[in-house]
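I opened the notebook to look up a few things in this structure.

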Amino acid sequence: MLELRPTCEQCNKALPPAATDAMICSYECTYCRDCVALLQNVCPNCGGGFMPRPIRPAHAWKPGVSLERQPATQVITYKPVDPLSHAAFAALFESLPPEQR
């Protein structure tokens with residue numbers, strides 16, 4: 001189950017569970033849409049691409065399935081990347097779409 005991390009790992013912007021600008025990679029690294037653009041859609045941790053993070057229902061439309069029963073984590077992962085180092089890393093994937101990395 002997704003952790004639904006509370007902030008962007010790059011800029012520390014709040015990304016509550018219903019945030020529509022939260023983006024994640026397949027390892028659930030979490031960034032805001034603006035930082036994903038700055039990172040050239042290359043996850044600095046794994047090299048993968050990003051997709052919009054799903055929004056977990058706040059209300060239990062089915063018994064036991066909601067934020068009330070499976071709350072988002074409160075643990076903040078804040079580890080901004082060095083822009084120059086990331087630019088060199090992202091250049092490795094310049095011609096490769098995320099599905100081919």
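I take helices (H or I, at least four residues) and strands (E, at least two) as DSSP runs, numbered from the N terminus. The model is predicted, so I noted its limits: local features need pLDDT of at least 70, side-chain atom pairs count only at pLDDT 80 or more, and totals for chains, interfaces and linings use all residues. Residues are numbered from 1 along each chain as its sequence is written, and side-chain values use heavy atoms, with hydrogens and water left out.

**Entry: backbone angles.** I looked up phi first. Most residues other than glycine have a negative phi. Glu 28 has a positive one, near 70 degrees. I found Glu 28 in the loop between β1 (22-24) and β2 (30-32). For exposure I use relative accessible area: buried is under 20%, exposed is over 50%, and partly exposed is in between (1.4 Å probe, protein chains only). Glu 28 is buried, at 11%. Asn 41 also has a positive phi, about 60 degrees, and is not a glycine. Asn 41 sits in the loop between α1 (33-38) and β3 (51-52). With 25% relative accessible area, Asn 41 is partly exposed.

**Entry: the sheet.** In what order do the strands of the open sheet run? I read β2-β1-β3, three strands with antiparallel pairing. β2 and β3 are at the edges with a single partner strand each, so one side of each has no neighbour in the sheet. Two strands count as paired if DSSP finds at least two bridges between them. β1 and β3 pair over two bridges, in the antiparallel sense. I also noted Ile 24 opposite Met 51 in β3.

**Entry: cysteines.** How many disulfides does the structure hold? I counted zero. The cut-off for a disulfide is a pair of cysteine sulfur atoms within 2.5 Å. Cys 29 is in none; its nearest cysteine sulfur belongs to Cys 25, 3.6 Å away. Cys 29 is buried, at 8% relative accessibility. Cys 35 is in no disulfide either, and the nearest cysteine sulfur, that of Cys 32, is 3.7 Å away. Cys 35 is buried too, at 6%.

**Entry: Val 36.** I placed Val 36 in helix α1. Is Val 36 buried or exposed? Val 36 is buried, at 7% relative accessibility. I take contact as heavy atoms within 4.5 Å. Leaving out residues up to four places away in sequence, Val 36 touches Met 23, Tyr 31, Asn 41 and Phe 50. Asp 21 is 15 residues from Val 36 along the chain, and their C-alpha atoms are 9.9 Å apart.
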